[in-house]
Amino acid sequence: MNILVTGSNGQLGSEIKDVAASYKSFCFFFMDLPALDICNSSELDIFIAKNKIDTVINCAAYTAVDAAEENAVIAEQVNGAGVLNLVHALAKVKGN
Ligand SMILES: NC(=O)c1ccc[n+]([C@@H]2O[C@H](COP(=O)([O-])OP(=O)(O)OC[C@H]3O[C@@H](n4cnc5c(N)ncnc54)[C@H](OP(=O)(O)O)[C@@H]3O)[C@@H](O)[C@H]2O)c1
């Protein structure tokens, strides 16, 4: 099974990197900005199809809670639209 971990340099992604070695039957793809931006739907579609991704563990997020009030647009793009991009990209490769 191929697993994409987005936002993999963050706190949660880094923890998953640490435990991934214990799960040898899974093939992990650890990706973060700038190499893979979940707000870029065409980039995501290509990456997920090319690497035959089965599952995504989404650790990409806009996590500056206080700043999100001032930067509501970017917070929504990452935490809302970005997640939807992931769902659509996976659905395309799975034929849904
Ligand atoms: N940490 C916890 O204990 C914990 C517990 C439960 C749930 N969570 C949830 O897990 C998620 C991640 O939390 P975290 O603590 O790991 O946050 P974090 O340390 O802030 O990591 C988030 C990562 O996402 C990256 N990122 C931001 N925008 C992106 C984009 N458009 N495309 C791809 N990557 C992007 C960030 O890169 P930059 O740094 O370059 O912006 C960063 O590497 C959040 O939804 C959080 O609510 C965390």
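In this predicted model, 19 residues surround the ligand, and the closest of them are Gly7, Gly10, Leu12, Ala60 and Ala61. Two elements, helix H1 (11-20) and helix H3 (72-93), each give two or more residues to that shell, and the largest share, three residues, comes from H1. The points below take up the shell, the sheet and the helix packing in turn.

**Ligand shell**
- By class, the residues of the shell around the ligand divide into nine nonpolar, eight polar and two charged.

**Sheet and the helix on it**
- The order S2-S1-S3 describes an open sheet of three strands with parallel pairing.
- Strand S2 (27-30) and strand S3 (55-58) stand at the edges, each with a single partner strand, so one side of each has no neighbour in the sheet.
- Direction ignored, neighbouring strands of this sheet are turned against each other by 20 degrees on average.
- Strand S1 (residues 2-6) pairs with S3 in the parallel sense over four bridges, and the bridge partner of Leu4 in S3 is Val56.
- H1 packs on the sheet and touches S1, S2 and S3, while its direction makes about 150 degrees with that of S2.

**Packing of H2 and H3**
- Helix H2 (residues 41-50) and H3 pack at an angle of about 40 degrees, their axes being 9 Å apart, and the two helices are therefore oblique to each other.
- H2 passes H3 in a right-handed crossing.
- On the H2 side, Ser41, Leu44, Asp45, Ile48 and Ala49 meet Asn85, Leu86, His88, Ala89, Leu90, Lys92 and Val93 of H3, a contact that has seven nonpolar, three polar and two charged residues.

How values were computed
Residues are numbered from 1 along each chain as its sequence is written. This is a predicted model: local features need pLDDT of at least 70, side-chain atom pairs count only at pLDDT 80 or more; totals for chains, interfaces and linings use all residues. A residue is near a molecule or strand if its C-beta atom, placed from the backbone, lies within 6 Å of it. Ala, Val, Leu, Ile, Met, Phe, Trp, Tyr, Cys and Pro count as nonpolar, Asp, Glu, Lys and Arg as charged, and the others, Gly among them, as polar. Axes are lines fitted to C-alpha atoms, for helices over the stretch in contact, and angles run from 0 to 180 degrees between N-to-C directions. Angles under 35 degrees count as roughly parallel, over 145 as roughly antiparallel, 65 to 115 as roughly perpendicular and the rest as oblique. A crossing is left-handed if the near helix is turned anticlockwise from the far one by less than a right angle, and right-handed if clockwise. Two residues are in contact if their C-beta atoms, placed from the backbone, lie within 7 Å. Two strands pair if DSSP finds at least two bridges between them.
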